Amino acid sequence: MAARKRPVSNLLGLAVLGLLLEQPMHPYEMATTLRERDKDTSFKIKTGSLYDVVESLVRAGWIAEHSTERAGRRPERKVYAHTELGRKEFMSWLDELVRTPVKEYPSFLAAVSYLGALGPERAVLALRERIARLDEEIDQARQAQAEVLGQQTPRLFVIELEYALTMAEAERNWARRIVGEIQDGTLTWPALTTKDGRQVWTDQEEQEEREGLQA
């Protein structure tokens with residue numbers, strides 16, 4: 001079943017609606033709270049973009065101005081809260097995202113589909129560097145998770161960190177396995193040859209020759 005088209009589709013809007021379940025907030029407080037909770041692992045948080053999303057949510061009737069506040073000599077800040085419609089739309093949107101897998105196109109998936117073009121040695125070097133970077137990311141994510149949970153934050157409220165860790169570890173383990181298979185020859189690497197002025201894999205060349213004989 002196709003996802004329902006909504007007037008606000010930017011996932012940062014989901015983050016805003018989620019925060020406003022807790023209490024009314026102004027956009028700067030939203031951005032600060034999201035970063036403090038390491039939500040930037042789940043959402044691309046830029047203050048300018050967040051203000052744009054807030055305006056979109058207002059236009060859609062999902063949130064509305066609740067009050068204004070002033071801190072010292074700073075300009076007044078608008079504080080926003082859910083509307084009844086916004087609360088319903090948030091729950092519907094969230095439910096749909098949890099239930100329905102969405103076809104995504106990660107850049108790494110696109111790259112590994114052409115891994116063969118690098119050749120065995122270069123592929124191993126590239127994968128090893130990725131593994132090292134993933135190791136760093138995993139260590140940092142574990143530290144962030146421990147710090148957040150150490151503040152008595154319920155695990156459920158930061159469960160996305162757990163998911164992100166699991167996915168990063170799975171990717172790293174897969175990359176390690178592929179490196180091992182390249183090095184022990186389990187993952188065979190067809191040779192590139194030149195035919196009619198273009199490069200083809202050995203098995204592709206054989207297939208073309210078979211097709212030529214059958215013609």
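Mentor: Asp-135 is partly exposed, with a relative accessible area of 24%, where buried means under 20%, exposed means over 50% and partly exposed lies in between, calculated with a 1.4 Å probe and protein chains only. This is a predicted model, in which local features need pLDDT of at least 70 and side-chain atom pairs count only at pLDDT 80 or more, whereas totals for chains, interfaces and linings use all residues. Residues are numbered from 1 along each chain as its sequence is written, and side-chain values use heavy atoms, with hydrogens and water left out.

Asp-135 and Arg-172 meet through their side chains in a salt bridge, at 3.0 Å from N to O. Asp-135 belongs to helix α6 and Arg-172 to helix α7, so this pair ties together parts that are 37 residues apart in sequence. The helices here are DSSP runs of H or I with at least four residues, strands are runs of E with at least two, and both are numbered from the N terminus. A salt bridge requires a side-chain nitrogen of Lys or Arg within 4 Å of a carboxyl oxygen of Asp or Glu. Side chains of opposite charge can pair when their charged atoms come close. Setting aside residues up to four places away in sequence, Arg-172 touches Ile-131, Leu-134, Asp-135 and Ile-138, a contact being heavy atoms within 4.5 Å.

Another salt bridge joins the side chains of Glu-181 and Arg-177, at 3.4 Å from N to O. Both of these residues lie in helix α7, four residues apart, which is about one turn of the helix. Glu-181 is partly exposed because its relative accessible area is 21%, and Arg-177 is also partly exposed, at 45%. The structure holds ten salt bridges.

Rings of Phe, Tyr and Trp (its six-membered ring) pair if their centres lie within 6.5 Å, and planes under 30 degrees apart count as stacked, over 60 as edge-to-face and the rest as tilted. By this rule there are two aromatic pairs. One of them is formed by Phe-108 and Trp-174, edge-to-face, with 6.2 Å from centre to centre and 85° between the planes. Phe-108 sits in helix α5 (residues 107-112) and Trp-174 in helix α7, so the pair ties together parts that are 66 residues apart in sequence. Phe-108 is buried, at 16% relative accessibility, while Trp-174 is partly exposed, at 29%. Arg-130 lies over the face of Phe-108, at 3.7 Å from the ring centre; for this term, NZ of Lys or CZ of Arg must be within 6 Å of the ring centre and within 35 degrees of the ring normal.

Gln-152 is placed in the loop between α6 and α7, where its phi is near 65°, a positive value in a residue other than glycine. Gln-152 counts as exposed because its relative accessibility is 67%. Leu-156, in the loop between α6 (120-150) and α7 (159-184), is likewise exposed, at 63%.
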